[in-house]
Every structure is written in C-alpha cells, then in structure tokens.
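This report is meant for a reader who is meeting the structure for the first time. Please look over the sequence and the model before reading on.

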Amino acid sequence: HYKNVDDESLEPRLEAYDDTLRREGIGDLFRTLPLAYCWDDHDFLGNNSEGGESDHQNARRFARDAYDLYVPHYPLASSTEGIYQSFQLGRVLFLLTDTRYSKSPRSGSGTSGKTILGVNQKTWLKSQLTRGKDLDLIVWANSIPWIGADDPGEDFWAGYATERAELCQHLVDNDIRNVCMISGE
C-alpha cells in the first residue's frame, strides 16, 4: 500500500492492507499469484522513512507486527527486528532484505557509520550470501536502488556507500559470483 502510516498503532496498518486487497485487480493479483513481499518506505512508515531514527522506535514495531500478522511470508530471520527472510527453491536461494527497519538517518555527514541493514541483518545477509555461493543463483530482493554515485543525503544505497562497499567487498573476498539483485519501489 501507499498509505504512509506513521502513527504508533496497529489498526491503521491493518486497514491499509485491507484497503489494498479490496481494490479491483490488486486483490485478485495478490490472491492468485505466489509472491514474496517486503515493504519499502510508503508501506513501512512513510516517504523516505528511516526506522533507526529515535522517533520511529515504537511505530516501526507496529509496522513489523502488522506485516507479521497480515502478510504471508517465510520465517523471518529475527523475531524482534525487521522483516528480512530467505527461502530456497531448487538450486536458487532468495534473499529478501529489509531496507527500512534499521536504517539510520541519511542526514548524517558522509556515508561512514551509517547503515541501511543494521548490524544483525548485515551479518545475516553476508552469511546467506556465503551459504548460497555454490548454488546456481542467489536472487537478492532489495527495495532501493543499488547503483549511484556516493551522496550522503540520498535515501538509497548512494547515501550509505560505505556499507554498500563493505557488502561488495564481501562478495569479492568470498568469490561469490552468482548474485542477481532485483529492486523496485
């Protein structure tokens, strides 16, 4: 949904999911096609939202609870943090990362020390990438653009270029060559 719910309660979030499923065509799509869904800003806390910001600590828990209650999903990697998850079909590993829940504010200077994934999810992601390197393919679903020149104020990976470089280095250091990233809002 695109409701930009940012208050600290569960009901408006559940209503936003209900409204989406009632829309002609959209509800049918979600009921008839298998899909793995991970939120982005508008269906998390609002435009360019950052769950790691101190003002969002309570609201992000309600967003996670609504997702956990309402959205069919694979087991979440963490019972207390974002909605990152993985599943394997045949020789293909699918990784869904949460680029909102632990995201530190983009307003900080530079890109060093800022995170999109948070410590635990980043550790999990590196582990999953290493685990999947001998499979045919790793499909990493990431809701925000990866490519872009370093820019500290950006809402996507360009604003968090130090963390992006760290993940790239992990791929190089571990000779992981079978990753396909898909993203889109």
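## Basis of the model

This is a predicted model, in which local features need pLDDT of at least 70 and side-chain atom pairs count only at pLDDT 80 or more, while totals for chains, interfaces and linings use all residues. Residues are numbered from 1 along each chain as its sequence is written, and side-chain values use heavy atoms, with hydrogens and water left out.

## A nonpolar patch on the surface

Leu-29, Phe-30, Leu-33 and Leu-35 form a nonpolar patch on the surface, and together they have about 340 Å² of accessible area. Such areas come from the Shrake-Rupley method with a 1.4 Å probe, and for residues only the protein chains shown count as cover. Patches are made of residues with over 30% relative accessible area and no salt bridge, where like charges are joined within 9 Å and nonpolar side chains (Val, Leu, Ile, Met, Phe, Trp, Tyr) within 5 Å.

Leu-29 lies in helix α2, residues 26–32; helices (H or I, at least four residues) and strands (E, at least two) are DSSP runs, numbered from the N terminus. Leu-29 counts as partly exposed because its relative accessibility is 37%, given that buried means under 20% relative accessible area, exposed over 50%, and partly exposed in between (1.4 Å probe, protein chains only).

The largest pocket has a volume of about 610 Å³. Of the 23 residues that line this pocket, the closest to its centre are Phe-30, Leu-35, Tyr-37, Val-71 and Pro-72. By class, the lining has 16 nonpolar, 4 polar and 3 charged residues, where Ala, Val, Leu, Ile, Met, Phe, Trp, Tyr, Cys and Pro count as nonpolar, Asp, Glu, Lys and Arg as charged, and the others, Gly among them, as polar. At least two lining residues come from each of α1 (11–22), α2, α4 (57–70) and β1 (85–89).

On a 1 Å grid over the protein atoms alone, a cavity is a set of points where a 1.4 Å probe fits but cannot get out, whereas a pocket is an open set with protein on both sides within 12 Å along at least five of seven lines; lining residues have an atom within 4 Å of a point. Grid points are joined across faces, edges and corners, and a volume is the space filled by probe spheres set on the points. The largest cavity holds about 30 Å³ of space, and His-1, Arg-13, Tyr-17, Trp-39, Asp-43, Phe-44, Ala-63 and Ala-66 line it.

## Salt bridges

The count comes to 16 salt bridges, each being a side-chain nitrogen of Lys or Arg within 4 Å of a carboxyl oxygen of Asp or Glu. In one of them Arg-31 pairs with Asp-28, the closest N and O atoms being 3.3 Å apart. Both residues lie in helix α2, 3 residues apart, about one turn of the helix; Arg-31 is exposed, with a relative accessible area of 56%, while Asp-28 is partly exposed at 44%.

Arg-100 forms a salt bridge with Asp-40, with the closest N and O atoms 3.0 Å apart. This pair links distant parts of the chain, since Arg-100 is in the loop between β2 (92–96) and α5 (118–131) and Asp-40 is in the loop between α2 and α3, 60 residues apart. Arg-100 is buried, with a relative accessible area of 1%, and Asp-40 counts as buried at 6% relative accessibility.
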